[in-house]
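Me: I would like to go through the terms used for this model one by one. Please set each value against its cut-off.

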Amino acid sequence: MGYAEVSVNSPIAQRRTFSYAIPPGLSIDVGQAVWVPFGNRLLQGVVLELSDYPAVEEVREIAGVIEPHPILSPYQVPLACWISEHYLSPLFDAVALMLPPGFERKALTFIAVSAIPDDFDLSSLSREQRHTLGLVRRQGKVSLKELEKTLGQKKAQRIVSQLVKLGLATRSYEMEPIRARPKVESYLSLAVAAGKAREEATRLRERGAVRQAALLDFLARQSEPVSLAEARQKTKCNKTIVDALVGKGLVTVRQVEVKREPISYQSITLSSPLPLTVAQKSALARIQSSLLQKRDNNASSAAFLLHGVTGSGKTEIYLQALAEAVKRGKRGIVLVPEIALTPQTIEWFASRFPHRVAVLHSQLSLGERFDEWRRIRNGEFDVVIGPRSAIFAPQPDLGLIVIDEEHEWTYKQHDKSPRYHARDVAIKLAELTGAVVILGSATPDVETFYRAQQGDYQLLQLPERVTPSEGSPLPQVEVVDLREELKAGNRSLFSRSLSQAMTRAVAGGEQVILFLNRRGAATFIQCRNCGFVLRCRRCEVVLTHHPAEDVLVCHQCNYKVSVPQVCPQCLSRRIKFLGTGTQKLEQEAGYTFPQARLLRWDSDVTRGRGSHQARLNKFRAHEADVLIGTQMIAKGLDLPLVTLVGVINADIALNLPDFRAGEKTFQLLGQVAGRAGRGTLWGQVIIQTYAPEHYAIQAAAKHDYALFYNREITYRRQLHNPPFTQLACLVYSHTNDALCQRKAERMKRRLVAERDSRGVADLGIIGPAPAFIHRLRGRFRWQIILRGSELSAFLSQIPVPQGWTVDIEPISLV
Ligand code: ADP
Ligand code: ZN
Ligand code: ZN
């Protein structure tokens, strides 16, 4: 008899597997999804290992298989184990990342009749047992639910148990079916001859029914039925107009089931590979040679950091690398930071690999996602494009993984378990499959760049834009010192420079983006005169203002000071200056530039399906002159009419109480600046700040990544921050603040004791302190930060009680 180690879908299971015996006659593989008895319930599990001996003495049997074939591929099993170990997440949480959408469903129990022995005396059964047996035999197979409906739940279960015990019936299990409704579309055609339709059209036009007439004329020109969507687009008709014509007996509508196509190819034309620039060529050559190499499983990974300024043609390299992989019978996965903001990338792939591109995004229905998962597993796509979770797509023959804008924080799942980073998962996955990884960015994550410098990743650089517009290849950046504005008596949100540039751009029929990073806007206190910001003496991080007590708190070490009345640096009384929101900015812009048409774009106004795209389209169609927005607008937009980008207050990102604040600022400014001058027009960027001399701002203004990186990496080394150490963040949350603090202090003692007893050197335990976002959805939060190495191994020895979350390598400490 064989045994299986199963990851079970139960919160009690945590990071371990359970041993089950494989009943005779059942064939079980690694990666297979099974039903297993767990306590008094039947749960889903996935087999992670087979063995000849059970890990414990008493084992129960696997109840049945969920699907005849393994659901996890051979390389996904070790990947799930690695995620659970590294991020300290429950094992099934890690497994679940790779399961088909909608997999986590209940079991339905079915009853069937076994062959009844000839000598069995049926009259020994009770009337109800006989009745049930007869019913099941007539139907072949009956669901337990069905029996419960007629007999009542308790009685049905009792009778079935009795019949099974007597060997007369057997149970089997199936999942509740997914109800995926087929997608249908309306198709229109003429109900009359084309000549007649044209006559009717003329008559209708005379009576003023212009749009009805237009639709009739349009249909008269078609040789085949036309989809309602297309008719709408071409003739501006709508449902009412169609109904009117149907009512007159001129048009018929048929519902046709359509194959789901995630991309509309109507507007996409085929494209062929572009002739590459010298820099692109040499970068691609190295990727290609790496794709040719045979890498055995578990060999070192082939990862590239493609560092190229915005507009340097990174996408073209992704496309041609993928073409190379496809030529070798391989497939790819491309991760993008946010699918809604990358329509252009998707179009590029669709135009190069028509009908061979799968796009995974959250707006697909469950049925659609399931369909897509199955088609991916069948090998129907050359490439899967999606957000971080697409790294778990069951793409067979994986040869290439691309992570575009690899520095983006959306690649880290920070709000639920497993708290994985898609970049690190990709590197692991590449190790397991032999795939090549390309990490692309104009402003690489400092840690990624450090690894490239260390030789862990191969560094490829594209230092120039492909088509530099005449004059300056990258937009010109002006840094405005807000202290000087105040000295000159200008108290508005717009510096004189920005004001003039805006007026000029709008008058010239060009477009402007105003950028305001609102996150954490009202939490730090800044001197409006000299720009001074209070920092913690111990941690160097910016102190956070807690309005309730009106104190400043270091959310790392809990150091507190009262808010000073005068600025410690310049003695000005104008120390209490808090941030500005986008709404206030919109108001002031309306007042200052009455001639400009404004459009606000932030998460408040873009909730709901399609509203991102709607706003963007509006701006692109030049229905507004000025776009006002938060970090969303910084990403990947190609807007040729935008010649001016104004950053209202660069210090907001700079003063986040986090060691990554400088990096975040540099990246944001770099991306924002990349929005200007994308077309043939000249681009200009104006950055307003109280800290014009800060290296992140200086480097962003000069488009100088090396300048930024060299300073940043020095600070990281000095202050023992990543990549020179590893961090973990433990957060306890509860509705009672005092209880939070007590629990956090107890945990700290526990951690310190463990560290000392095990003699772990170099392990810093910082805090506890109230979290930066101290209260979230009615719960208070306290945190402890660990700083050291091999933190997963250290923490895996310590039981983490309920109420705690553990984040290994948190993306930020705020
Ligand atoms: P990045 O992703 O590096 O910001 P893109 O991939 O968006 O840059 O490229 C910028 C523009 O340059 C795109 O319009 C792209 O089509 C074009 N492009 C890229 N490579 C070439 C090339 N070799 N020749 C001509 N145009 C190119
Ligand atoms: Zn001051
Ligand atoms: Zn501190």
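**Ligand 1 and its surroundings**

Reply: In this predicted model, an oxygen atom of ligand 1 has a polar side-chain atom of Lys-314 at 2.9 Å. The protein covers 73% of the 560 Å² of accessible area that ligand 1 has on its own.

Me: What makes the pair between Lys-314 and ligand 1 a polar contact?

Reply: A polar contact is a pair of N or O atoms within 3.5 Å. The Lys-314 pair lies at 2.9 Å, so by that cut-off it counts.

Me: Which polar atoms of Gln-280 and Ser-312 lie by ligand 1, and at what distance?

Reply: Gln-280 places a polar side-chain atom 2.8 Å from a nitrogen atom of ligand 1. For Ser-312 the polar atom belongs to the backbone, 3.2 Å from an oxygen atom of the ligand.

Me: Which residues come nearest to ligand 1, and which helix gives the most to its shell?

Reply: There are 16 residues around ligand 1, and Pro-275, Gln-280, Gly-311, Lys-314 and Thr-315 come nearest. Helix H11, residues 314-327, gives the most to the shell, with three residues.

Me: Why is Ser-312 called buried?

Reply: Buried means under 20% relative accessible area. Ser-312 has 2%, so the word applies. Ser-312 sits in the loop between strand E13 (302-308) and H11, and its side chain reaches the backbone oxygen of Val-309 at 2.7 Å.

**The zinc site**

Me: How do you know which atoms coordinate the zinc ion (ligand 2)?

Reply: Donors are N, O and S atoms within 2.8 Å of the metal. The SG atoms of Cys-527, Cys-530, Cys-567 and Cys-570 are at 2.2 to 2.3 Å, so they count as donors. Along the chain, the donors follow the spacing C-x2-C-x36-C-x2-C.

Me: Why is the arrangement around the zinc ion (ligand 2) called tetrahedral?

Reply: Four donors count as tetrahedral if all angles lie between 85 and 135 degrees. Around this zinc ion the four donor atoms subtend angles of 107 to 112°, so the arrangement is tetrahedral.

Me: Are Cys-567 and Cys-570 buried, partly exposed or exposed?

Reply: Cys-567 has a relative accessible area of 0%, so it is buried. Cys-570 has 28%, which lies between the 20% and 50% cut-offs, and therefore counts as partly exposed.

**Strands and the whole chain**

Me: What makes E10 and E12 a pair of strands?

Reply: Two strands pair if at least two bridges are found between them. E10 (residues 184-190) and E12 are joined by seven bridges, so they pair, and they run antiparallel. One position to look at is Tyr-187, whose bridge partner in E12 is Arg-254.

Me: Why are E11 and E12 called edge strands?

Reply: The open sheet has three strands in the order E11-E10-E12, with antiparallel pairing. Strand E11 (226-227) and strand E12 (251-257) each pair on one side only, and they are the edge strands.

Me: How do E30 and E31 pair, and what lies between them?

Reply: Strand E30 (residues 764-776) and strand E31 (residues 779-788) pair in the antiparallel sense over seven bridges. Arg-775 stands opposite Phe-780 in E31. The two strands form a hairpin with two residues between them, and Arg-777 in the turn has a positive phi of about 45°.

Me: How many helices and strands does the chain have, and what share of its residues is buried?

Reply: The chain has 25 helices and 32 strands. Of its 814 residues, 53% count as buried.

Terms used: Residues numbered from 1 in each chain as written. Chains lettered and ligands numbered in written order. Predicted model: local features only at pLDDT ≥ 70, side-chain atom pairs only at ≥ 80, totals over all residues. Heavy atoms only, no water. Donors = N, O, S within 2.8 Å, 3.2 Å for Na, K, Ca; no water. Tetrahedral: all angles 85-135°; square planar, octahedral: opposite > 155°, others 65-115°. Buried < 20%, exposed > 50% of the residue type's maximum accessible area, 1.4 Å probe, protein only. Helix = DSSP H or I, 4+ residues; strand = E, 2+ residues; numbered from the N terminus. Near = heavy atom within 4 Å. Polar contact = N/O pair within 3.5 Å; in protein donor to acceptor, adjacent residues only side chain to side chain. Areas by Shrake-Rupley, 256 points an atom, 1.4 Å probe, with all protein chains shown as cover.
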